[in-house]
Amino acid sequence: MYEGQIIEYRVEFVRGLRSLWLTEIAHVRAGEYFVDEQRIGPYRFWYHEHRFAPAADGVNMTDHVTYAAPFGLLGDIVTALWIRRRLDSVFNYRTKKIAELFGGKA
């Protein structure tokens, strides 16, 4: 991983509705954090900070996501009704998989 790296995703937010999502690794401090920012994608704005801190049983990973949905007020309503829950589900799944792969706790 390096600053300036572009990552391309194909995401399906709603069954049958696929979107291209390009993020750029905008900031990296090895062993401490990295930030990905959306360049092209479904959000009006996306800034995702991943932080890592030593812990007695390994490493704690913390995410901080700042995002805004497109479409103004309509996007705010969709965020309240659906997007926030969907993102929670994605991060909960990731937490579970990391625990399975690395023997941690979810």
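Visitor: How many helices and strands are there in the protein chain?

Guide: The protein chain has one helix and five strands. Helices (H or I, at least four residues) and strands (E, at least two) are DSSP runs, numbered from the N terminus. In sequence order the pattern is β-β-β-β-β-α.

Visitor: What conventions apply to the model and its values?

Guide: This is a predicted model, in which local features need pLDDT of at least 70 and side-chain atom pairs count only at pLDDT 80 or more, while totals for chains, interfaces and linings use all residues. Residues are numbered from 1 along each chain as its sequence is written, and side-chain values use heavy atoms, with hydrogens and water left out.

Visitor: What makes a side chain positive or negative in the count for the protein chain?

Guide: Lys and Arg count as positive and Asp and Glu as negative, whereas His and the chain ends are not counted. On that basis there are 14 positive and 13 negative side chains, and the centres of the two sets lie 7 Å apart. The place of a charge is taken as NZ of Lys, CZ of Arg, CG of Asp or CD of Glu.

Visitor: How many bridges join β4 to β3, and how many join β4 to β5?

Guide: Five bridges join β4 to strand β3 (residues 33-40), and eleven join β4 to β5. Both pairs are antiparallel. Phe34 has His50 of β4 as its bridge partner, and Glu49 has His64 of β5. The hairpin of β3 and β4 has four residues between the strands; that of β4 and β5 has two.

Visitor: Why is Phe71 called exposed?

Guide: Buried means under 20% relative accessible area, exposed over 50%, and partly exposed in between (1.4 Å probe, protein chains only). Phe71 has a relative accessible area of 67%, and is therefore exposed. Phe71 lies in the loop between β5 and α1, and its phi is near 75°, a positive value in a residue other than glycine.

Visitor: Why is Val65 called partly exposed?

Guide: Val65, in strand β5, has a relative accessibility of 23% and therefore counts as partly exposed. Leaving aside neighbours within four places in sequence, Val65 is in contact (heavy atoms within 4.5 Å) with Trp46, Tyr47, His48 and Phe91.

Visitor: What class does Glu12 fall into, and what is Glu12 in contact with?

Guide: Glu12 has a relative accessible area of 36% and so is partly exposed. Glu12 belongs to strand β1 and, with neighbours within four places in sequence left aside, is in contact with Leu17, Arg18 and Arg86. Glu12 and Ile77 are 65 residues apart in sequence and 20 Å apart in space, C-alpha to C-alpha.

Visitor: What is known of the kink in helix α1, and how is a bend defined?

Guide: The bend at a residue is the angle between axes fitted to the seven residues ending there and the seven starting there. In helix α1 (residues 72-102) there is a kink of about 60°, centred on Thr79.

Visitor: Which residues of α1 are buried, and what covers them?

Guide: Gly75, Thr79, Ile83, Leu87, Phe91 and Ala99 are buried in α1. An α-helix has 3.6 residues a turn, so residues three or four places apart point the same way. The cover over the buried residues of α1 includes β4 (45-55) and β5 (58-68). Over the protein chain, buried residues make up 25% of the 106 residues.

Visitor: Why is Gly103 called exposed?

Guide: Gly103 has a relative accessible area of 65%, and is therefore exposed.

Terms used. Pairing = 2+ DSSP bridges.
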